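Have a look first, then we'll go through them.

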Amino acid sequence: MLYPVHLNPQVQEPVKRLLGKNPRVALIEPAAYEDFIWLLDRCTFALSDSGGVQEEAPSLGKPVLVMRETTERPEGVTAGTCTLVGTEPDRILREAAALLSDPREYARRTALSNPYGDGQTAARIRDILEHSLRAS
């Protein structure tokens, strides 16, 4: 597990105390955007409370387990790309285990369409601008 740890000392202390010696957990500093996307593209799924992760991961076909009771990005939950798992350890582990052990469920969750767009916005804007400039 790769865990980018927030730089706030109030977050760093308990995370390092609880997970720092676990050989299966790599604690790293928060990644720059390009590095974050590179890492996210290579993960199996994301476990996060970050709204940004909820938006980025579906673009890469990665399921997100959201460690919150509510989210300001309900589109991902409605689409099924994100699942609210709260903060109860048993539920988090159960949902993570399902993604890791059930290939059909994992395939279903990674095949869902991104509720935040199809990645073609830049090309559409370019086409509109080119057409507008030619028409002038």
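Predicted model: local features only at pLDDT ≥ 70, side-chain atom pairs only at ≥ 80, totals over all residues.

Q: Which helix gives the most to the lining of the largest pocket?
A: That's α5, with six residues. A pocket, on a 1 Å grid over the protein atoms alone, is an open set of points where a 1.4 Å probe fits, with protein on both sides within 12 Å along at least five of seven lines; lining residues have an atom within 4 Å of a point.

Q: How much space lies in the largest pocket, and which residues are closest to its centre?
A: About 1,400 Å³, a volume being the space filled by probe spheres set on the grid points, which are joined across faces, edges and corners. There are 33 lining residues, and L2, Y3, P4, L47 and S48 are the closest to the centre. Elements giving two or more residues are β1 (2–4), α1 (9–19), α2, β3 (46–48) and α5 (89–101).

Q: How do the lining residues of the largest pocket divide by type?
A: Into 27 nonpolar, five polar and one charged. Ala, Val, Leu, Ile, Met, Phe, Trp, Tyr, Cys and Pro count as nonpolar, Asp, Glu, Lys and Arg as charged, and the others, Gly among them, as polar.

Q: Why is the contact between E105 and R108 called a salt bridge?
A: The term asks for a side-chain nitrogen of Lys or Arg within 4 Å of a carboxyl oxygen of Asp or Glu. For E105 and R108 the closest N and O atoms are 2.9 Å apart, so the pair qualifies. The two sit three residues apart in helix α6 (residues 103–110), which puts about one helical turn between them.

Q: What about E130 and R134?
A: Their side chains come to 3.8 Å, N to O, so this is a salt bridge as well. Both are in helix α7 (residues 121–135), four residues apart. The structure holds 11 salt bridges, and E55, R68, E72 and R73 are linked in a network of them.

Q: Is R134 buried, partly exposed or exposed, and what about E130?
A: Buried means under 20% relative accessible area, exposed over 50%, and partly exposed in between (1.4 Å probe, protein chains only). R134 has 64%, so it is exposed, whereas E130, at 37%, is partly exposed.

Q: How do you know which label N114 gets?
A: Its relative accessible area is 16%, so N114 is buried. N114 lies in the loop between α6 and α7. The N114 side chain makes a polar contact with the side chain of S59 at 2.7 Å; such a contact is a pair of N or O atoms within 3.5 Å, where one must be able to donate a hydrogen and the other to accept it, and residues adjacent in sequence count only if both atoms are side-chain atoms.

Q: Why is the aromatic pair of Y33 and F36 called tilted?
A: The structure holds one aromatic pair. The ring centres of Y33 and F36 are 6.4 Å apart and the planes are at 45°, so the pair is tilted. Rings of Phe, Tyr and Trp (its six-membered ring) pair if their centres lie within 6.5 Å, with planes under 30 degrees apart stacked, over 60 edge-to-face and the rest tilted.

Methods:
Residues numbered from 1 in each chain as written. Heavy atoms only, no water.
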